[in-house]
Amino acid sequence: MKSYVARRASLIAQMQAKGGGIAIIPTAPEVMRNRDADYPYRHDSYFYYLSGFTEPEAVIVLIAGVAGEKNQAILFCREKNLEREIWDGFRYGPEAARTTFGFDAAYSIDAIDTELPKLMANAQALFYALGSDSKLDGQVQRWLQAVRGQARAGVTPPSTAFDVHVLLDEMRLSKDAAEIDIMQRSADIAAAAHRRAMRIAKPGLREYHLEAEILHEFRNNGSQFPAYGSIVATGANACVLHYRASDAELHDGDLVLIDAGCELDSYASDITRTFPANGKFSGPQKELYEIVLASQYAAIAETRPGKRFMDGHDAAVKVLAQGMLDTGLLDKNKVGTLSDVIENRAYSQFYMHRTGHWLGMDVHDVGEYRDAAPSGTEKPWRTLQAGMVLTVEPGIYVRPAEGVPEQYWNIGIRIEDDALVTANGCHILSAAAPKTVADIEALMQHD
């Protein structure tokens, strides 16, 4: 509870620095899947970051006072309802939620239309993420109208507005010790799932067999959900970046690419490994795999405090582009030198995405990728700092094409790890997932 209370206090302090006011942060709504069945519920990350509360139909309201005015952290949530608990499970109710999660006050969600206009009256500013929730947008407008209706009584509505997500994004970008511990455990579970898939893989199985093993390992170790839709792609399917079908058969001589991470206590892991279906890399497969692995090592070496977010990508591209020239994937007589390949982005035929993204409560986590800059100038890429977590995921994807050596056709390779920036470099949270050729082949030949 202490971390959530401290985060709310930190946000209130930032609000006070902007003149004070009221912040409104809702959780996610429940969503119907079909007829009487809902999708599995997952709370909003911003809301959970400030509360630790996982029930739907809830809103946080923070009051940042100025000039001696009182600060408040208020929770609106569902009432205790023993009959509904028989059907849907335990509910805290306002009073228990207030004491359990450290709020100053708590009200029934049914009272929000009555209470919010009172709380918004005479507030200096509104801190709210307009456009994130259309239903709540309408409610906020009605609350503002209710406050404006009291003008003759000397009551005024907030005169300015700020996107509260902008403040929270900066807070979430740097992980504290408790968050790092959860993310390490999430990565350990995901790494175990990748090892399990490698052990069971063999020609004749289908992609969904490996996906089932991954999901089993996630849930069996306490993960509540996959962090995203798992990608299990064999053969040419590995050249589809967001492949979803997962029903193709594994063939002798093909590679298998698995991009899968789990969510543990609201924090994601994100790991990709590529391995041979038969347990042994062919010559061309090994050749390209070693290039991708070397590019990842180069990117990891650039993942440390003081480096820019794009430095790792640039380092990976340099290794990948040289490898493409060396193997003949790119014809030197047509594309020119390494500098030409990089400048003209000729490498993008086989490598078309960036080398990483922020990771945290969301698999593509929040936070700006560029630092602030004077108006009218290009913003520089973000400087890495200890406590940030990002993925490092270079790849090569070779679709059949004229001029491309046939021995490389339909080879898709990506190697992705989760990197915590530390004081002196970075720590690979996902290191327990094998990724060298020798380690993968040794694991797959365990019998």
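Predicted model: local features only at pLDDT ≥ 70, side-chain atom pairs only at ≥ 80, totals over all residues.
Student: How many salt bridges does the structure hold?
Tutor: There are 24 of them.

Student: Okay, which residue does D365 form a salt bridge with?
Tutor: Its partner is R172, and the closest N and O atoms are 2.9 Å apart. D365 sits in the loop between helix 13 (338–343) and strand 15 (389–392), while R172 is in helix 7 (residues 164–173), so the pair ties together parts that are 193 residues apart in sequence.

Student: And is D365 buried or exposed?
Tutor: Buried, because its relative accessibility is 5%. R172 is buried too, at 2%.

Student: What about R414, what does it form a salt bridge with?
Tutor: With D259, where the closest N and O atoms are 3.0 Å apart. That pair links strand 17 (residues 411–414) to strand 11 (residues 255–260), with R414 and D259 being 155 residues apart. Both R414 and D259 are buried.

Student: Which residues are linked in a network of salt bridges?
Tutor: E170, R308, D371 and R382.

Student: Switching to the surface: which residues gather in a patch of negative charge?
Tutor: E30, D36, D38, E57, E79 and D110.

Student: Where is D110 found?
Tutor: In the loop between strand 6 (105–108) and helix 5 (112–120). D110 counts as exposed because its relative accessibility is 68%, and the cut-off is over 50%.

Notes:
Residues numbered from 1 in each chain as written. Heavy atoms only, no water. Patch = residues over 30% accessible without salt bridge, like charges linked within 9 Å, V, L, I, M, F, W, Y side chains within 5 Å. Areas by Shrake-Rupley, 256 points an atom, 1.4 Å probe, with all protein chains shown as cover. Salt bridge = Lys/Arg side-chain N within 4 Å of Asp/Glu carboxyl O. Lys, Arg positive; Asp, Glu negative; His and termini not counted. Charge placed at Lys NZ, Arg CZ, Asp CG, Glu CD. Helix = DSSP H or I, 4+ residues; strand = E, 2+ residues; numbered from the N terminus. Buried < 20%, exposed > 50% of the residue type's maximum accessible area, 1.4 Å probe, protein only.
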